[in-house]
Amino acid sequence: MLLWSLMLVVFGLTTGEFVVAGILPDVAGGLGVSVPAAGLLVTAYAAGMIVGGPVVTVLTARSSRRTLVVGLVGVAVAANAWSAVAPNYASLLAGRFVAGLVVATFFAVGITTAVGMAPEGGQARAVARLTVGMNLGMVLGTPLGTLVGHAVGWRASFGAVAVLVLVALPLVARAVPGGGSALDGVSAVAGLRAFADRGVLAAIAMTVLGNVGVVMVFSFIAPLMTDVAGFSSGAVPVLLLVYGAGAVLGNFAGAWLADRALMPSVAGLLAVLAGVLGAGWFAGGSRVAAGVLVFVLGALAFAVIPGLQTRVVSSARTAPMLAVAVNASGFQVAAAFAGWLGGRVIDAGGGARGLYPVAAALTAAGLLLAVGVLVNDRRSSGRAPVVEAEALEQV
């Protein structure tokens, strides 16, 4: 019940994040602004996540988990409902910022609650079940929300997200445990001290470096598939579904691997991901190869997530929820950087195809860090697995 209700909220929040891309021209026309100006709505949501991760989590440190989750979901409902009726561009921009403000903290409390209630050896699979809500939000919720926006009007897309998250609210309120504070009795100041631990910083850095390359490729998947592989623009939605199918399968496969060998699986998956991204430079011009590449990239991109999230939780022994919230903010920073860097690579004359080797190099940097963490764990003469188990029991 807990995981299903949390997954439903994640599905709604993810749909609300990505549906803007599908209705951008409609929003621009409806509010009388340019498409680039409407694109800042995406930036506002990401900025909300970046700021909200550490700030909202620290400010709500004394709240019980149930109170916090209900409050976060309530704000998400209100912000999306406001987005549906916002009278002008400025108010809609503010609504998207507020909608993003609560997402990182919700992911953090959801992940740490799910991990804490999971059986020993099943922590990464608990993370994967929440992550599948994100998968479905991208590949199912976003297209459906876009269809609603085109058929009824762009405001209906935000209204549908608000209704969906509102439906999940009583389910979450009933399922989330009510006892204890969000940071499990740890003060906000003590929680912040967790970031003096190099293990915590390394875990967050792995998330950033391990994801930035594949996020950059995904951000520019349309020109990669049309300009490089030779697909028609009409094939892009189908290719996105292929990516999503790979993501769902990879999500659970990666969780299964992480529950058996956490850091070896993370390092191994990053190594394969770097290799596949590098292969895109050579094979990306073939339609067949590009189609396979899209599926494999989706699988690998999401296979590594359960392990990375579990490592963050296990490393931050004193304040795992705060660490996961900051980790989610870090992912948004990586996504923003990926979009900027990808544009610079293309403008520099490398074309869209030049994204593949750059993405491979970035992922290789994440791999080197993961290998360093793995070697350090093994030098600890078996202490790291014990520490991880104790940390997970404290969540």
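Is R125 buried, exposed or partly exposed? R125 counts as partly exposed, at 32% relative accessibility, where buried means under 20% relative accessible area, exposed over 50% and partly exposed in between (1.4 Å probe, protein chains only). This is a predicted model, in which local features need pLDDT of at least 70 and side-chain atom pairs count only at pLDDT 80 or more, while totals for chains, interfaces and linings use all residues. Residues are numbered from 1 along each chain as its sequence is written, and side-chain values use heavy atoms, with hydrogens and water left out.

**Salt bridges**

- Three salt bridges turn up in a search of the whole structure; the term stands for a side-chain nitrogen of Lys or Arg within 4 Å of a carboxyl oxygen of Asp or Glu.
- R125 pairs with D259 in one of them, with 2.9 Å between the closest N and O atoms.
- This pair links distant parts of the chain, 134 residues apart: R125 is in helix α6 (residues 123-152) and D259 in helix α11 (residues 236-260). Helices (H or I, at least four residues) and strands (E, at least two) are DSSP runs numbered from the N terminus.
- D259 is buried, at 17% relative accessible area.
- D377 and R311 form another salt bridge, at 2.8 Å from N to O. Because D377 belongs to helix α15 (residues 355-379) and R311 to helix α13 (residues 287-315), the pair ties together parts that are 66 residues apart in sequence.
- Both D377 and R311 are buried.
- D347 and R344 also meet in a salt bridge, 3.2 Å from N to O. They are three residues apart in helix α14 (residues 320-350), so about one helical turn separates them.
- D347 is exposed, with 59% relative accessible area, whereas R344 is partly exposed at 37%.

- T207 sits in helix α9 (residues 198-219) and is buried, with a relative accessible area of 5%.
- Leaving aside neighbours within four places in sequence, T207 is in contact (heavy atoms within 4.5 Å) with L308, V312, N327 and F331.

**Nonpolar cores**

- A nonpolar core is a set of buried Ala, Val, Leu, Ile, Met, Phe, Trp, Tyr and Cys residues joined through side-chain atoms within 4.5 Å.
- The largest nonpolar core has 53 residues, and L224, M225 and L297 touch the most other members.
- Helices that each supply at least two residues of this core include α6, α9, α10 (221-228) and α12 (262-283).
- Helix α13 gives the most to this core, with 11 residues.
- Not counting residues up to four places away in sequence, M225 touches G230, F231, L239, A290, V294 and Y356.
- A second, separate core has 47 residues, among them A76, V102, V115 and A118.
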